[in-house]
Amino acid sequence: MPTIRELIKESEEKLDANNKDCNVPKVLYYHVSNLQPHELYLKMDEEVPEDIYKTYSEYLERYLNGEPVQYIKGKEYFFSREFSVDENVLIPRYETEELVEQLLYRIDDYFKDQEEIDLCDVGTGSGAIGISLDLEVPKAKVVATDISEEALKVAKKNNDDLGANVTFYAGDMLEPLIDHRVKVDVFVSNPPYIPQDQNIDPMVKDNEPHVALFGGEDGLYFYRKIFKDVKKVIKDRALLGFEMGFDQREIMEKAVHEYFGDTPFEIIKDMNGKDRMLFIYHNLKDEH
């Protein structure tokens, strides 16, 4: 058996030759061996145990064949918490962490005088958004929906594992909220927003669920579907937050004006300076 150092070096060279991420060998070895980075550093010149070598080699081959490392590991970190993920859910992204962070700022400000708030996460997938908000906002009562029963199994596992208290409903977009007569102060969604014909990374397209990726011809199919009926599930005063495509500002502004008229809204840039978040401030009380 090679030493850990030799195995990782050989793996890095193989990935480099195939234009793959050379950080993955260490990530996989941490996962397979249950070693922390400082522990791995101290053991680099030790021989790789045979059982670990076998599993590691299988995982590396899966990565070389195009499977995302998050699915191989079965987990991904989101907002400093470890979420289970599989091929039935979208892998949580950093830009979605920014959406949660921006929502927290606005919830603190917009609802500072309320002791309790009702919140929903539509199209929850792994549950990353809804569960994170449930754990970060003690006064929030959170409901999450998804059309995929398999995705909800993953979300419910994460909810239990992380000690959250989210209520889950199966159904298409707003339908389960309407059926259960849910009314919320905060409406959150990260709907599919990639235009149907847009070219994307094969590792994403070939592995992650298309129902969670593609949003029709221009990417706004699900936004329009939400915008059309969302007033049925929000209270007179509500905050709506969405993730969006970085190049969708113009068509998004048009859609918001079409469905919400002069309701105040803002499009927020992410840390890379790209338009990635939409917030709508719905307040019928001001109109009375």
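A charge is taken to sit over a ring if NZ of Lys or CZ of Arg is within 6 Å of the ring centre and within 35 degrees of the ring normal. The legends below describe a predicted model, in which local features need pLDDT of at least 70 and side-chain atom pairs count only at pLDDT 80 or more, whereas totals for chains, interfaces and linings use all residues. Residues are numbered from 1 along each chain as its sequence is written, and side-chain values use heavy atoms, with hydrogens and water left out.

**View 1. Charged side chains over aromatic rings.** The charged end of R237 sits over the ring of F111, at 5.6 Å from its centre. K274 lies over the face of F246, with 4.8 Å to the ring centre.

**View 2. Aromatic ring pairs.** Rings of Phe, Tyr and Trp (its six-membered ring) pair if their centres lie within 6.5 Å, and planes under 30 degrees apart count as stacked, over 60 as edge-to-face and the rest as tilted. By this rule there are 12 aromatic pairs, and a cluster linked by ring pairs holds F187, Y223, F227, F242, Y259 and F260.

**View 3. The largest nonpolar core.** A nonpolar core is a set of buried Ala, Val, Leu, Ile, Met, Phe, Trp, Tyr and Cys residues joined through side-chain atoms within 4.5 Å; buried means under 20% relative accessible area, exposed over 50%, and partly exposed in between (1.4 Å probe, protein chains only). The largest such core has 32 residues, of which L103, I107, L133, V186, V188, L239 and F279 touch the most other members. Among the elements that give two or more residues to this core are α6 (94–110), α7 (128–136), β6 (184–189) and β9 (275–283), where helices (H or I, at least four residues) and strands (E, at least two) are DSSP runs numbered from the N terminus. The largest share, six residues, comes from α6. Leaving aside neighbours within four places in sequence, F279 is in contact (heavy atoms within 4.5 Å) with residues including L99, L103, L239, P264 and F265. Apart from this core lies another, of 29 residues, among them V233, I234, F242 and V256.

View 4. Seven of the nine residues of α7 are buried, so the helix is largely enclosed by the rest of the structure. The buried residues of α7 are A128, I129, G130, I131, S132, L133 and D134.

View 5. P2 lies in the segment before α1 (4–17) and counts as buried, because its relative accessibility is 18%. Not counting residues up to four places away in sequence, P2 touches L7, E46, E47, V48 and Y53. The C-alpha atoms of P2 and P49 are separated by 9.1 Å, although these residues are 47 residues apart along the chain.

**View 6. Residue Q70 in helix α5.** Q70 is found in α5 (residues 69–73), and at 19% relative accessibility Q70 counts as buried. Beyond residues up to four places away in sequence, Q70 touches K75, E76, V85 and I91.

View 7. C120 is buried, with a relative accessible area of 1%, whereas C22, at 27% relative accessibility, counts as partly exposed. A search of the whole structure for disulfides, each a pair of cysteine sulfur atoms within 2.5 Å, finds zero.
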